[in-house]
Amino acid sequence: MPKTKASLLVIAATAITVATLFLLPFTPKTAVRTAVVEQGELICSTLMEGIVTYADEQPLIALQAGRVGRVHVRQGQTVHAGDLLISMDTSVQEQELAAVNRLLYEQETAVSAFGQAGEAALSATQTALQARTRQAELRAAIASAQIRADADGVVGALYVSEGAVTGEASLLGTVHGTGLRVVAAGRAEELGNVAPGAAAMVTSAEGKVLGAAMLEQAGAPQADSATGQAMQQLSFTPANGDAWTGADAGDRVVVELVCEALQEQALVPISAVDSRDRVWFVEEGNATPIEIDLSLRNDQYVAVPQKWAGKRIILLPETAALYPGCPVREARTR
């Protein structure tokens, strides 16, 4: 009889267990989209606003105050190195130079007549030396008043006309080359590892790709008066000597500069990172969140530890009601 009771108890317990398993609510698996952590190159870049300018621009500066005597060129005219562009009025200096030349001639003649001895000869010699000094000063002043082209180019702008009065160091006009460059500025902290020769892509304000570019030079960081951030000015030229189709001086553009290219990285799509900077891995059918470092990333991918390569992750985790240990299944694609 005891054996019979024990058997009945075992049967009853088994039945209760089976019934409980069937009657307890079943936990459904959350349907998710997944991807595999792949290996590849991570290209880190930064976007900057820039403006198209001429590659070689020569400012035409008045080295002395005075009146513009003659403008020898017109806007848009092609000029060559050494061509005379603008002449300042040097009539006063020319008159004085003529008088100095006459005086110098007279004193040199007197020295020849008096010989090398005597007070008269000494006085004439001293006067001649002073005249030669003044003659050199006047000739230099007249020459500096002639504004010439430093290199071949095109007259870009003329800010004065004949007869205009200008101050010392006034900008009279510009001469530019036919090539273009882009001048842009970015945060110095993002550009610390960027060296001349770095690759970039130039896009118009409307989103049209203008062409590849190369970093030519970078200026010294300067504090922005509005934000206080250290900004660095950069200059870009077309890569491989190609022209930027459709670009004109004065156009505003966007420059995407490659700051760093990291080889053989384990890459996770940005779409797999949730709002708390976590990536959800799928392990034995369950979701496990792991916080990641977003310092190495671009607009598409973020680099993660190499040991994660080949693991499966959940895409768009924010769209699913996930929790640590949540059972998941691959969503069917229509």
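**Cores, sheets and a helix**

Mentor: Keep in mind that this is a predicted model. Start with the largest nonpolar core, which has 21 residues. Those with the most contacts inside this core are Val-182, Val-202, Phe-236, Trp-244, Val-255 and Leu-257. Two or more residues each come from strands E2 (38-54), E11 (180-187), E12 (199-204), E13 (209-218), E15 (230-238) and E16 (252-269). E16 gives the largest share, four residues.

Trainee: What makes a set of residues a nonpolar core?

Mentor: The residues must be buried ones of kinds such as Val, Leu, Phe and Trp, joined through side-chain atoms within 4.5 Å. In soluble globular proteins, nonpolar side chains tend to be buried together.

Trainee: Which residues does Leu-257 touch, leaving out those up to four places away in sequence?

Mentor: Among them are Cys-44, Met-48, Leu-191, Val-194, Leu-234 and Phe-236. There's also a second, separate core of 16 residues, including Ala-62, Val-68, Val-71 and Leu-172.

Trainee: Why is Leu-60 called buried?

Mentor: Its relative accessible area is 1%, and the cut-off for buried is under 20%, so Leu-60 counts as buried. Leu-60 lies in strand E3 (residues 57-61). Beyond its neighbours within four places in sequence, Leu-60 is in contact with residues including Leu-85, Ile-86, Ile-147, Leu-172 and Val-175. Leu-60 and Val-175 are 115 residues apart in sequence, yet their C-alpha atoms are 7.5 Å apart in space.

Trainee: What is the order of the open sheet that includes E3?

Mentor: The order is E3-E10-E8-E5, with antiparallel pairing.

Trainee: What makes E3 and E5 edge strands?

Mentor: E3 and E5 (78-79) each pair on one side only. Elsewhere in that sheet, four bridges join E8 (residues 153-158) to E10 (residues 171-176). Val-154 stands opposite His-176 in E10.

Trainee: How do you know that E6 and E7 pair?

Mentor: Pairing takes at least two bridges, and E6 (residues 84-88) and E7 have three, running antiparallel.

Trainee: How do you know that the span of helix H3 agrees with what it should be?

Mentor: H3 (residues 119-144) has 26 residues, and at 1.5 Å a residue they should span 38 Å. The end C-alpha atoms are 38 Å apart, so the two values agree.

Trainee: Which residues of H3 are buried?

Mentor: Ala-121, Ala-124, Ala-128, Ala-131, Gln-135, Leu-138 and Ile-142. As a general point, an α-helix has 3.6 residues a turn, so residues three or four places apart point the same way.

Trainee: What makes the link between Thr-34 and Arg-312 a polar contact?

Mentor: The cut-off is an N or O pair within 3.5 Å, with one atom able to donate a hydrogen and the other to accept it. The side chains of Thr-34 and Arg-312 are joined at 2.8 Å. The side chain of Thr-34 also makes a polar contact with that of Glu-330, at 2.4 Å. Other residues that Thr-34 touches include Val-282, Ile-313 and Leu-315.

Note on methods:
Residues numbered from 1 in each chain as written. Predicted model: local features only at pLDDT ≥ 70, side-chain atom pairs only at ≥ 80, totals over all residues. Heavy atoms only, no water. Buried < 20%, exposed > 50% of the residue type's maximum accessible area, 1.4 Å probe, protein only. Contact = heavy atoms within 4.5 Å. Expected span 1.5 Å × (residues − 1).
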